[in-house]
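Welcome to this short tour!

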Amino acid sequence: MRLDKYLSELNIGSRSQVKTYIRQKLIKVNGELATKPEQKVDETKDIITFRGNTLQYQRYVYYMLNKPQGVVSATQDNTAKTVVDIIDSPRKADLFPVGRLDKDTEGLLLLTNDGEMAHDMLSPKKHVNKTYLVTIKEKLSEEAINKLEIGVDIGDEKPTAPAMVQVQDDYHILLTIQEGRFHQVKRMLKAVDNEVTHLKRISFGALTLDEKLAPGESRELTPQEVELIHEETNATGQGSGYF
Ligand code: URA
């Protein structure tokens, strides 16, 4: 990739700032002073320094977004803002969301450029838990809770897989599912004659939504969080089963 792109992806500065740094002779590639922003570098092999400090390029990046309502889980959209539009990252152009949340759903969404990890997190075989804080129109009966936990017919070929319901109060439940069917939570509540009035995802696998992130805010995952999701997708291989 071009040297100026490499440096701006590492957050050394904007594309124009890094050009200035190159002109100021602050950048070396394999011990030689860099002179041209368009110089090609190999991020896997070349040793690149800025003010004498060796830079470390991260092939894969991972972000947690507290998705606000009104934004679509896509990389591009003709009319609405996308989750990629609102991510604060110098690697924006490479990022995509790991799965989807509806436009009116808020909460934890993971964005990355790591296709393999995304595939694993979404694979039905991996049984990755997703927990939603669901605001409902009516109090749930014991019978409805049992049905949701066993599996309900939402009009697909198969009923939903077992789920876990934790009642918070009359109008709020935590619902944990391991599938990711279209509008699944809303359709599950409809199947027990109820209705979702607000939906927020609060965890995805080993990741929990960072309460410090206001809707619309994002941050990079910590190395520990990245390790956790890799452990989770590697270890569960054939699936950990339902609850
Ligand atoms: N289930 C839904 O109905 N909507 C979402 O956005 C996520 C899960």
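Which pocket does the ligand sit in? Select the ligand and look around: the ligand sits in the largest pocket. Keep in mind as you explore that this is a predicted model.

**Stop 1: the shell**

Now select the residues that surround the ligand: Leu-101, Asp-102, Thr-105, Tyr-132, His-183, Gln-184, Val-185, Lys-186 and Leu-199. Next, highlight helix α6, which spans residues 184–191. This helix gives the largest share of the shell, three residues.

**Stop 2**

Zoom in on the oxygen atoms of the ligand. Start with Asp-102, where a backbone N or O atom lies 2.7 Å from a ligand oxygen. Then click on Thr-105: here a polar atom of the side chain is 2.9 Å from an oxygen atom of the ligand. Finish with Lys-186, which has a polar backbone atom 3.1 Å from a ligand oxygen. On its own, the ligand has 240 Å² of accessible area, and the protein covers 95% of that.

**Stop 3: the aromatic rings**

How many aromatic pairs does the model have? The count comes to two. For one of them, select Tyr-6 and Tyr-57. Their ring centres are 5.3 Å apart and their planes lie at 20 degrees; planes under 30 degrees apart count as stacked, so this pair is stacked.

Tyr-6 is in helix α1 (residues 3–9), while Tyr-57 is in the loop between β4 (53–54) and β5 (62–67), so the pair ties together parts that are 51 residues apart in sequence.

Methods
Residues are numbered from 1 along each chain as its sequence is written. This is a predicted model: local features need pLDDT of at least 70, side-chain atom pairs count only at pLDDT 80 or more; totals for chains, interfaces and linings use all residues. Side-chain values use heavy atoms; hydrogens and water are left out. A residue is near a molecule or strand if one of its heavy atoms lies within 4 Å of it. A polar contact is a pair of N or O atoms within 3.5 Å; within protein, one must be able to donate a hydrogen and the other to accept it, and residues adjacent in sequence count only if both atoms are side-chain atoms. Accessible areas come from the Shrake-Rupley method with a 1.4 Å probe; for residues, only the protein chains shown count as cover. On a 1 Å grid over the protein atoms alone, a cavity is a set of points where a 1.4 Å probe fits but cannot get out, and a pocket is an open set with protein on both sides within 12 Å along at least five of seven lines; lining residues have an atom within 4 Å of a point. A molecule sits in a cavity or pocket if more than half of its atoms lie within 2 Å of its grid points. Helices (H or I, at least four residues) and strands (E, at least two) are DSSP runs, numbered from the N terminus. Rings of Phe, Tyr and Trp (its six-membered ring) pair if their centres lie within 6.5 Å; planes under 30 degrees apart count as stacked, over 60 as edge-to-face and the rest as tilted.
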